[in-house]
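Here's a quick tour to follow with the structure open beside you. Take it one topic at a time and find each spot as you go.

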Amino acid sequence: MTTQLQGEAVGQQLQGAFPDAVTSWGDGDVRVQPDSIVDICRYLRDTPDLAMDYLSSITGVDYVESFEVVYHLTSLTHNHSVVLKTTLYGRDDVELPSVINVWKGADLQEREVWDLMGIGFTGHPNMKRILTWEGFPGHPLRKDHLGG
Amino acid sequence: MALPSESITINLGPQHPSTHGVFRIRVTLDGEVIQDIEPIFGYLHRGTEKLAEERTYTQIVTLTDRLDYTSSMINNQAYVMATEKLAGLEVPERAQYLRVLTAELQRVASHLMGIGFFLQDLGAMGTPLMYCFRERERILDLFEMICGARVTVSYMRPGGVTQEPPPEFWPALKELLSEFPHYIDELERLILENEIVVARTKGVGLLPRELAIDSSISGPNLRASGVAWDLRKADPYDVYGRMDFDIPVGSNGDSYDRFLVRVMEIHQSLRIVEQCVQQIPDGPIRSEVPYFFRPPPGDAYAHVEASKGELGFYLVSDGGIAPYRCKIRAPSFINLTALTEMLLGWKVADLMVIFGSLDVNMGEVDR
Amino acid sequence: MESSFDKNALFANLNDIFLDLLPESLSWMAYLGTGLTIILIMVNAVLMLTAFGTYMERRVLGRFQTRLGPNRVGPFGLLQPLADLLKLITKEDLRPESADKITFFLAPVLMVTSMLVVVAVVPFGKDSFLADLNIGVLYLVGIPTIATVSMFLGGWGSGNRFALLGAARAVAMLISYEVPMIVSLAGILILAGSMSLVDVVQAQQIPFILLQPIAFFVFLVSASAEMNRSPFDLMEAESELTAGFHTEFSGMRFGLLQLAEFGEVVVTSAILATLFLRGWENPFIPADWQQVLPPQLWLIGKMLFFMLIFTWIRATLPRMRIDQVMAFAWKVLFPLALINMFVTAALVVAWPDPTYTQLWIMVGVNWAVAIGCLTGYTLSRGRHRQKPTESVRLVQIPAEVN
């Protein structure tokens, strides 16, 4: 059974390493600042007792007043998982550092989030649309797409 | 003396005999050797995630059929599990067994298709493909018996499954179980040690263990690279925890291993089906769930081991009758992450072998 | 020329008929009329056989693949080739703008011609053949090479990159396979002592398939490569190159290419029957079985047998990769053909004029060599490799009871 790590435990551990980066935590998730996402991800991957070596998925959610990007992380070594969340404000030019250098698996998923949700990832080598075509108007999964 | 030469760029797809759907790869070739590739997605994009925001939780089941249309049952299962997690629904034990049973039959059907098309890509003129389809047909007949549809089954619902299998289903299933190992053995004798198959696939399209994990590859492709990771064992859902089965794990991570892992998984799936038939208890097949229900605000992520890999649904509820956001973690899509690394330096003839050995389904890649 | 004309009963009889019909002053036309009539009959016979060959191939493939195959048009679907022909003729004939007009036009024509012309030297009865060339065997291996040229013309001329890749593969592969093919025929020529196909047939006291097993194997494999059939169908490799060199051809041009392709199967079967299975004579040892069937039917029966074998191979084997195909030609087939040539030559030096018993000893020696080569090759392959299926193992993880 994959253990869902307690958000509190992971959050406190992260807070110890990055004092300003962690904003809050819930049952199984930790909410962090968008700027420090790459450092936190690298820490989660490289710390032996966490060893989050597998990026299950990256999701963008549009809460209209803000965007949320959700990272589902799994450790194949310890068979446990944690959810990382970060909130982005604004509607245009929303950007977040790319974690492609931490997990290569972020490649296509970040492109998908950019294409459908309009959240850009800085540092991604090939930040192009993937499921829709270049020149597609807007980002279809936004709640206000085509007037909502 | 080196003769001056220039590379040529060719377009494979979107409508190409062996792209398993509408997928396009722009390949730069130096003679026959692949120098660079650029995969181009999206020809089958139907906006499933957006559509899901406009459907009730029950209606979305029909959308999931059309993701990986070769393994609809497993898609149903992943989706209803996420819904149940979100809404806190109970599932009767008999329904859980029926889910596992149909999902494993579906896995066999899907793997048969994957193997068949892989051999078709090797140029085997359709004979192995037709053999695989002959067996798959019998499984689809069972599905027709159980829910009236063969491919887009929509058999599962939040809280259970739609229908009790008819009485004639069980004898038909037992007959299938007694005959199937014989069919698979026949297929194995035909192809597993075929000199040309081995020469074409051994060592071709290597996916090293580290790259596989780093690129979030999942399913048989990950196991062929030597990682014993199967969500049915690592994170047992429904009644998989009670099932006795083994995980085939490859050692080289080449096309042959990926192909062989699928062949061996068919045997294991049949084992699970047999155990389901023995253990299945009597009882209701669905808990009382209203047609419209409102899960409490929050989010839930549920994943299953689909035939192509880890299929996950991430649902966000705002308390309404439809999900606020429905994200699909599509294994076929993410399995293509390492495609470039796997293809560079191989010949154009190997491209189709490697791509075929990944066994992706375009309905799921483009969603 | 005159001598072969005399002993050719077919020619002589028809020529008499024409001489009777024509006035004295036009008797020179009799020769022309005879030739044209026979060519007309031959070409039609080959085309009919080809049409039947496509039908047979599709039906047999259907059997292999647990399906029915064509069975709607006419009794048992026998008229299917006709329906296909009508469909192809009525289709629009498209030529891409980037295509070269002349080569695009020439490719199908050359291909069909080269296929049909080969039939000229195949004897289908003791005294019935179009031409008994004294270099018949050379003609056999030389003329089909024109098909390679036409493939390249078609592939290059259609201005399509798939076609170009297919054409490049075709040239590289076909030229490689010419070599073992010709060398494998050397053994037969040594035994027959002549290059005329009529002499080759008559020299077969024992069918050469028994006397020359290695040559037969090498020729069969090289011939299926020459015909670009599975497992050597790289140049049209459906799953890789769409359709290879004939990607851009449509309508009857495509029809002609397909015709040439299936026609080559018919022609190659005829050649195989002639070279290895006694041609028009009965393939069995007792000579008095000769009278059971007319010679033409014996030949057609053997052709159908070889066509069936080609279909069987096509239904069974996956395709090889270009480098593997080339390696197979140069590292396996070519040495085999050389071994065969030397062994045969040595045997003929030992018994320049073999009796019936000595021929059977030759059969024994040649089969021993063939089996030795096969065993040696298998052992050398097996030494390098473990059983392929060992790379995947089953990992047992105990069930968690919840």
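Predicted model: local features only at pLDDT ≥ 70, side-chain atom pairs only at ≥ 80, totals over all residues.

Start on the surface of chain C, where Leu79(C), Leu82(C), Leu85(C), Leu86(C) and Ile89(C) come together as a nonpolar patch.

**A closer look at the patch**
- Leu86(C) has 54% relative accessibility, so it counts as exposed, the cut-off being over 50%.
- Here's a handy bit of background: an α-helix has 3.6 residues a turn, so residues three or four places apart point the same way.

**Helix α4 of chain B**
- Now hop over to chain B, where helix α4 covers residues 93-121, 29 residues in total.
- At 1.5 Å a residue, this helix should span 42 Å, and that agrees with its end C-alpha atoms, which are 42 Å apart.
- Is α4(B) mostly buried or exposed? Of its 29 residues, 26 are buried, so the rest of the structure largely encloses it.

**Where chains B and C meet**
- On the chain B side, 58 residues are in contact with 43 residues of chain C.
- About 4400 Å² of area is buried between chain B and chain C, and carbon and sulfur atoms give 57% of that.
- How many salt bridges are there between chain B and chain C? The count is one.
- Asp350(B) forms a salt bridge with Arg321(C), and their closest N and O atoms are 2.9 Å apart.

Note on methods: Residues numbered from 1 in each chain as written. Chains lettered and ligands numbered in written order. Heavy atoms only, no water. Helix = DSSP H or I, 4+ residues; strand = E, 2+ residues; numbered from the N terminus. Expected span 1.5 Å × (residues − 1). Buried < 20%, exposed > 50% of the residue type's maximum accessible area, 1.4 Å probe, protein only. Patch = residues over 30% accessible without salt bridge, like charges linked within 9 Å, V, L, I, M, F, W, Y side chains within 5 Å. Areas by Shrake-Rupley, 256 points an atom, 1.4 Å probe, with all protein chains shown as cover. Salt bridge = Lys/Arg side-chain N within 4 Å of Asp/Glu carboxyl O. Contact = heavy atoms within 4.5 Å. Buried area = accessible area lost by both parts, 1.4 Å probe.
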